[in-house]
Amino acid sequence: MTNVLMISPGFPLEIGFFTRALARTGATVIGIGDQPVDAMPATARDHLAHYEHVPLADTRRVLEALTGLARNVRIDQVECLWEPYVVLAATIREHLGLPGMTVEQATRFRDKEVMKKVLDEAGIRTPRHAGAETVAEVWEAAEVVGYPLIVKPVDGAGSADTYRVDTPTRLAEVQPMLAHVRRVSVEEFVEGEEFTHDTVCGGGDILFENVSWYQPRPLEQRSHEWVSPMTIALRDKTDPDLADGIEMGRQVIRALGHTSGFTHMEWYRMADGEVVFGEIGARPPGARTVDVMNYATDADLFVTWALAVTTGTAPPLGHRYNAASIFKRAQGSGRISRIEGLDRLLREEGDKVCVVDLLPVGAPRRDWRATLLSDGMVIARDPDLDELMRVLRRFATELQLFAE
Ligand SMILES: Nc1ncnc2c1ncn2[C@@H]1O[C@H](COP(=O)(O)OP(=O)(O)OP(=O)(O)O)[C@@H](O)[C@H]1O
Ligand SMILES: [Mg+2]
């Protein structure tokens with residue numbers, strides 16, 4: 001029997017499904033997190049053998065709590081699926097002398113400058129880049145990198161504080177907006193399409209691979225409220241247009257020494273076909289993309305992950321469909337007042353629709369800049385990509401939410 005320490009087992013919500021899968025595959029799951037027990041979803045709470053409620057931002061307190069706990073129970077491994085605590089998980093492993101990703105390895109996934117340096121040494125094509133802490137260093141970095149460029153936090157998420165900068169004048173304008181960011185990455189702006197390479201690894205092997213296509217590019221998704229962002233998990237991984245990206249994904253995992261658990265890499269394909277690395281996290285893709293991959297494969301990746309990290313292997317999965325999420329943003333502010341087009345779309349395209357999860361009338365709008373979930377989402381699938389794109393375009397234009 002394996003005793004697994006799960007960091008933040010019920011937050012964000014999706015992690016509860018991983019916690020439950022771990023327990024169902026036979027592991028004893030011990031949770032540690034910020035979340036009060038009462039606030040935890042049942043998917044997590046009902047499957048924990050024990051829970052330590054400790055502020056995760058306070059590493060000293062976390063280690064103290066675990067030192068006490070480890071006197072009473074054997075902890076075999078530490079799992080973390082939530083980006084902010086990937087390094088904490090590694091710190092706990094080192095503290096308790098457990099196998100798995102070290103702090104040095106975890107940092108390569110959390111610091112975008114360290115990440116790109118390691119990958120440069122491994123011969124991966126990263127965007128031209130330089131790290132900067134002060135205003136003067138940003139100007140120096142811009143000289144080296146050239147325009148257009150991107151300035152973003154070294155440990156950012158959700159395109160927060162990320163700016164495309166085309167001229168020095170714009171760089172001067174953007175600088176004050178970055179005053180609260182301690183360290184930034186200045187990068188060559190890569191013009192192209194954006195894809196992911198997501199994996200579940202176990203025992204040092206890649207056990208599952210997924211490629212998603214973002215429509216439009218995430219920075220565009222986050223810049224224009226009227227956009228309905230889509231993430232499309234692609235069925236045909238043998239498509240020659242994806243081959244170089246998938247190969248890069250495999251090389252990156254090797255270079256970073258990742259052996260167990262999820263990875264979520266983003267890469268760009270330029271118009272001339274050149275493939276450029278974007279970033280990588282040691283975690284699953286967010287915004288319900290695990291659900292999307294489940295609909296694409298007709299499988300349960302929560303279980304695949306649990307088996308992979310506890311046994312080092314998992315049954316192979318294949319993509320039977322293209323599956324996609326599409327997020328909707330209401331027009332107007334305040335509370336959702338009406339939803340138009342849904343009945344017609346479900347009548348005409350319902351056989352392709354897997355999930356409809358829109359805010360109900362009366363609910364306050366979510367902040368679309370703060371969460372990709374926006375005012376709700378739909379998941380659809382089809383074996384044929386053109387057919388799926390046709391359906392998605394209909395949901396983008398004909399499904400409309402209004403707020404007042
Ligand atoms: N060098 C670049 N060239 C072109 N676009 C870029 C570049 N760097 C970032 N972007 C744009 O900004 C988005 C966010 O950047 P990045 O993925 O590095 O940060 P993030 O905030 O960690 O993203 P996530 O939402 O995946 O957590 C990218 O998806 C891309 O659209
Ligand atoms: Mg990203």
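**Chatting through a predicted model**

Reader: Hi! Let's start with helix α1: is it mostly covered or mostly open?
Author: Helix α1 (residues 15-24) is mostly covered, with 9 of its 10 residues buried. Helices (H or I, at least four residues) and strands (E, at least two) are DSSP runs, numbered from the N terminus.

Reader: Thanks! What covers the buried residues of α1?
Author: The cover includes β1 (3-7), β2 (28-33), α2 (42-45) and α12 (301-311). Among the buried residues are Phe-17, Phe-18 and Leu-22.

Reader: And what follows α1?
Author: Gly-26 does, with a positive phi near 110 degrees.

Reader: Switching topic, how is the protein divided into domains?
Author: There is domain 1 (3-100), domain 2 (102-127 + 190-318), domain 3 (128-188) and domain 4 (321-404). Those bounds come from an automatic or database domain assignment.

Reader: How many residues does the contact between domains 2 and 3 take?
Author: The centres of domain 2 and domain 3, taken over C-alpha atoms, are 24 Å apart. Their contact takes 11 residues from domain 2 and 11 residues from domain 3; residues are in contact if their C-beta atoms, placed from the backbone, lie within 7 Å. On the domain 2 side, α6 (112-121) and α9 (218-221) are the elements that give two or more residues, and α6 gives the most, with 3 residues.

Reader: Which residues come nearest to ligand 1?
Author: Of the 20 residues around ligand 1, Ala-157, Glu-187, Val-190, Pro-218 and Leu-219 come nearest. To be near, a residue needs its C-beta atom, placed from the backbone, within 6 Å of the molecule. Domain 2 and domain 3 each provide at least three residues of this shell.

Reader: Which elements supply it with at least two residues each?
Author: β6 (149-153), β8 (184-188), α9 and β14 (275-281).

Reader: β8 again! What order do the strands take in the open sheet of 4 strands?
Author: The order is β5-β8-β6-β7, with antiparallel pairing. Two strands pair if DSSP finds at least two bridges between them. β5 (129-132) and β7 (163-165) stand at the edges with a single partner strand each, so one side of each has no neighbour in the sheet.

Reader: How many bridges join β8 to β5 and to β6?
Author: β5 and β8 pair over 4 bridges, while 5 bridges join β6 to β8. Ala-130 stands opposite Val-186 in β8, and Lys-152 has Ser-185 of β8 as its bridge partner.

Reader: Last one: how many residues of β8 are buried?
Author: 4 of its 5 residues, which makes β8 mostly covered.

Technical notes: Residues numbered from 1 in each chain as written. Chains lettered and ligands numbered in written order. Predicted model: local features only at pLDDT ≥ 70, side-chain atom pairs only at ≥ 80, totals over all residues. Buried ≥ 20, exposed ≤ 12 C-beta atoms within 10 Å, placed from the backbone. Contact = placed C-beta atoms within 7 Å.
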